[in-house]
Structure formats: structure tokens, C-alpha cells
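Reader: I would like to understand where the words used for a structure come from. Could we go through them together?
Author: Gladly, let us look and ask as we go.

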Amino acid sequence: MRNVIPPNNKKLRGTIAIPADKSISHRAIMFASLANGKSVINNFSNGKDPLSTVSVCKKLGVDIELHDEKTVIVKSNGKFLAPTEILDCGNSGTTMRMMAGILAGQSFDSILTGDDSLQKRPMKRIIEPLALMGAKITAENYKAPLNITGAGLHGIKYSSKISSAQVKSCILLAGLFADGETIYNEPYLSRNHTELMLKYMNADITGEGTITRIKKSVLTPCTINVVGDISSAAFFMAAASIIPDSDIILQNVGLNPTRTGILDVLEKMGGNIEILDKRTESGEIVGDIRIKYSDLKACTICGDIIPRLIDELPAIAVLATQAEGTTIVKNAEDLRNKETDRIFAIVNELKKLGADIIDTPDGFIVNGKASLNGGIEVETYHDHRLAMSLYVAGLICKKEILIKDFDWVDISFPEFEELMNNLM
Ligand code: S3P
């Protein structure tokens, strides 16, 4: 439970460093575990989700030491050992879907499971293409637990109907163990951290537009400096944009173009953003972002930008309540398949706070500006991004709000509240 007290007539001011990217942290652990030798991961995320990946890789026999809070040393001979217990992915869809791709091509059997939320999420999207590669996976109603019988895989040419980096990564990782070439295509380009990191570790992988090709490869151990998570930064961008007189700097934010949809949307809405000191770190673009309060106007968000901001949509819903006009979000039906049905959840909770928002099958429509009342309790649905979006909404409510089960923020961003307080 958390009380969010609106900073009455206060503003957000100051500079904070944004903690490590969750997507990149998962990949760093998995790929370092597959490389023969010692890898060092600096600025690793301490979110519970990446720690689920650490725990799964450890159960597969990899030596992983968390040195200080943020440095991880991975020592591996490049091979996994048969696990002696069920592999628990916790709340993490990325862990389950990507590890399924790796485990499908091993010579041993394994079982992947997860928490209540993860056991309800769709896995047909990976089981079907993996089966085409020769994988043997059984799962009741295509839901976890996934029972994986190790098998020899062969490459396929696959066109996915959805733009999902988890599905793409799963198939590319299976391709790393398959005979022949695997060619993957998706409707719009989803986040490409897997492709960039595999290339950085010398895999035989190439890409052009939405098409990626991969062949069986041996990965080279390396040092990876994980950049800050733009999906975590998004909550501060949203808060500073809607709390009058705010002016903040967010340091070390990953600016991979497959993730920067939130910057494009803020620009379209009349946000006041400046990118400072753009540079490259371990194959990823990174920079600092200065963001100030501004009078926002509504916009329509649809099409190829959706995978570039899929995790930011709950925060964008909050932003839209403070934008003049009607904001429309379309083509985001996959938001219903996240840790919770995020379309239902954010619409329901923002309505309780006084927002003019309705859901549609594939998104939501928000009429702004609305003044949010507060003075009530809201639900997170055990979803970290709902918790943080509602916290931001709470900052502009007239009265304080109570957020139930707020601790779910720990899934991706345990430092969230402390960093927000640093700016107040
Ligand atoms: C992720 C991909 C996205 C995103 C998730 C992390 C990843 O999921 O929502 O938080 O690390 O690849 P989908 O691939 O299901 O869209």
C-alpha cells in the first residue's frame, strides 16, 4: 500500500540517473550464460524480473555471481546442464519466452513455470513456431507450465502476425541451436536488443528492415554496460510534463530507436524535451534527456509506433488526461496480454480518479484536460507499470490517493519512489 501525496504547488527539479534496462539485463544474463568464458555485466538491473532470469540460468548450471549491487560476473563453458528442478520465471514473460527458445534445442528436458499472472499469458505465439522448427513442447491450453522435451531443431522461414520482441527473440535463440538458417519477419520492427547483443557477441546474425536471419553460432564472452531503461524513464517524463514548472534531467537513458516511441509522442503532444550527450554503449545508443513542463495537446497513436512504446501506454494514458483534446490509442490489442489486461486496468483506475477515458478493443480514448480528484484507493492489478502510472496520476490529483499492492514496482524498478522523491 502506498499513499501518494500530490506535491501541492511543487514542481519536479533535479537530475537522476535512470537504472538499468530490464530487457537488456535479461539478454545479458542469457547470452553470457551461452558464451564459453567469463563475461562481466555492469549496471545490471536489480528488478525482480531480471533476477528471475539469473535464477533460471543458475539452475541450468551457470556460475553467476552478483558482485556489488550492480555488477554481475557470469562464468560458463557455453553449455547448460539438465536442471534438477522446475524453472520458475516468476512474473517474467521475457524470461519464459526467451528461455523456451533456448531450451527447445537442448539435449535435455525442462519445465518452465511462473506466477499466477504468467500462467495466464499466451504461449501459443512461441509454441507454434518452435514446433515448426522441430521443438517438442506440451502445455495445457498453450499456457505455462511449459514441458519441453529437448530436440534437434532445424531453421525455418517464419512471418509472425504480431510485432513481439519476446516471440522474435525466442525464435532467433532457437535458431542459434538449429541446423540451417532461420529467417524471421514481423509486421513492424519490435525492440531489437537481441539482434544487437547477439551481433556484439559475434553471432552469425543479419537484419534488414523487419527481416532477421540467424545461423548456428558460438557466442564470445564480453563486457556489457547496460544502459538505463527508457520504459522506467517514461514515468518521470510523464510526471515532469504534467506538473507545472518542472524541469528535470534523466541521465543514461537507452535511446534505441525501437524503444523511443514515447519521445515521438511527447514531441507530437507539444512536450518540451531535449536530448543531451548522445553516445553508444555496448552496441546501444544512450543519452541524457532534459524534460520540462509544457501545455500538452492530444494526438492519435497507432500503427508502427505501437511496438516502440508498448510498455509506455499506461503512462501515456495519464499524460493524455492532461492534454487538450481527444487522444486516441489504436492497434494496441496486445496490451491486454501483458502482466494484466493493461487496457482494462488503466482505464478503470483513471476513471475512478475522474479521468474522461473509455476503452476500445485495441486501445483507449481520452478526453482532456480533466482535473483528477483522488481521495480514494486504486488498484495495481499486481502490475508494476500500473503501479508507477497511478503514482504519477496521484501527483496531479487534488487529494491524496492510496495505491494498493504498490510493491509490485519491484518487478522492474525498485528505486522508483526514492528517485521520484529526489526530484521533489
Ligand atoms: C520485451 C518485449 C515486450 C515488452 C516487455 C519486454 C522484451 O513484450 O512488453 O516488457 O524484453 O523483449 P512483447 O514482445 O510481448 O511485446
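Reader: How do the residues of the shell around the ligand divide into nonpolar, polar and charged?
Author: There are two nonpolar, four polar and six charged residues in that shell. By the convention used, Ala, Val, Leu, Ile, Met, Phe, Trp, Tyr, Cys and Pro count as nonpolar, Asp, Glu, Lys and Arg as charged, and the others, Gly among them, as polar. A word on the source: this is a predicted model, where local features need pLDDT of at least 70, side-chain atom pairs count only at pLDDT 80 or more, and totals for chains, interfaces and linings use all residues. Residues are numbered from 1 along each chain as its sequence is written, and side-chain values use heavy atoms, with hydrogens and water left out.

Reader: Which residues are around the ligand?
Author: Among them are Lys 22, Ser 23, Arg 27, Ala 165 and Asp 311. A residue counts as near if one of its heavy atoms lies within 4 Å of the molecule.

Reader: Which helix gives the most to the shell around the ligand?
Author: H1 does, with three residues. Helices H1 (22–34), H3 (93–104) and H5 (165–175) each supply at least two. Helices (H or I, at least four residues) and strands (E, at least two) are DSSP runs, numbered from the N terminus.

Reader: Why does the ligand lie between domain 1 and domain 2?
Author: Because domain 1 (3–20 + 227–422) and domain 2 (22–225) both give residues to its shell. The domain bounds come from an automatic or database domain assignment.

Reader: What is the peptide bond from Ala 144 to Pro 145?
Author: That bond is cis, with omega near 5°. Pro 145 is in the loop between strand E8 (136–138) and strand E9 (146–149).
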